[in-house]
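Trainee: I would like to learn how to read ring pairs and salt bridges. Please take me through an example.

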Amino acid sequence: DFKTGVPYTFVIENTGNARHDWLIMPRGETDETMALIAVEKDRLDSGARVTVEYTFDRTGDFEMSCHVGRHYEKGMIIPITVSR
C-alpha cells in the first residue's frame with residue numbers, strides 16, 4: 001500500500017536472463033500509454049539495475065507489471081493500492 005504525496009524510491013533489478021520493462025498502471029489496463037511511470041525495456045536488460053523516484057498524485061488500484069512478450073499474461077504483476 002502506498003500514500004499520495006509521499007516520495008517513493010523504487011529500485012528495479014533484473015536478475016533474470018530476459019529483458020523486461022517496469023510500469024505502474026491502473027489495475028487491469030493494458031495500454032502502456034496509460035502508465036503513471038515506466039522504465040522501458042532498453043534500460044532493463046539482464047543484470048541491469050535502475051532506480052526511479054515517484055510520488056503518487058492520485059488514489060486508486062494500480063499494478064506494477066512487465067509487458068514485454070507474454071510476461072504480463074504469465075503473471076508478472078504486483079497489485080498495489082494508493083490511498084490518501
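Predicted model: local features only at pLDDT ≥ 70, side-chain atom pairs only at ≥ 80, totals over all residues.

Trainee: How many aromatic pairs does a search of the whole structure find?

Mentor: The search finds eight aromatic pairs. One of them joins Tyr8 and Phe10, with ring centres 6.4 Å apart and planes at 35 degrees, so the pair is tilted.

Trainee: How is a pair of aromatic rings described?

Mentor: By the distance of the centres and the angle of the planes. Take Phe10 and Trp22: the centres are 5.2 Å apart and the planes are at 50 degrees, so this pair is tilted. Phe10 belongs to strand 2 (residues 7-13) and Trp22 to strand 3 (residues 22-26), so the pair links distant parts of the chain, twelve residues apart.

Trainee: Are Phe10 and Trp22 buried or exposed?

Mentor: Both Phe10 and Trp22 are buried. Buried means under 20% relative accessible area. Phe10 has 9% relative accessibility, so Phe10 counts as buried. Tyr8, with a relative accessible area of 19%, is buried.

Trainee: Which residues do ring pairs link into a cluster?

Mentor: The cluster consists of Phe2, Tyr8, Phe10, Trp22, Tyr54, Phe56 and Phe62.

Trainee: Now the charged side chains. How many salt bridges does a search of the whole structure find?

Mentor: Three salt bridges are found. In one of them the side chains of Glu13 and Arg49 meet, at 3.8 Å from N to O. Glu13 is in strand 2 and Arg49 in strand 5 (residues 49-55), 36 residues apart. Glu13 counts as partly exposed at 48% relative accessibility, whereas Arg49 counts as exposed at 56%.

Trainee: Where do Arg19 and Asp45 lie?

Mentor: The side chains of Arg19 and Asp45 meet in a salt bridge, 2.5 Å from N to O. Arg19 sits in the loop between strand 2 and strand 3, and Asp45 in the loop between strand 4 (37-39) and strand 5, so the pair ties together parts that are 26 residues apart in sequence. Arg19 is partly exposed at 37% relative accessibility, and Asp45 is partly exposed at 33%.

Trainee: Which residue forms a salt bridge with Asp61?

Mentor: Arg27 does, and the closest N and O atoms are 4.0 Å apart. Asp61 is in strand 6 and Arg27 in the loop between strand 3 and strand 4, 34 residues apart.

Trainee: Where does Gly75 lie?

Mentor: Gly75 is in the loop between strand 6 (60-65) and strand 7 (77-83). Gly75 is partly exposed, with a relative accessible area of 47%.

Methods
Residues numbered from 1 in each chain as written. Heavy atoms only, no water. Helix = DSSP H or I, 4+ residues; strand = E, 2+ residues; numbered from the N terminus. Buried < 20%, exposed > 50% of the residue type's maximum accessible area, 1.4 Å probe, protein only. Phe/Tyr/Trp six-rings, centres within 6.5 Å; stacked < 30°, edge-to-face > 60°.
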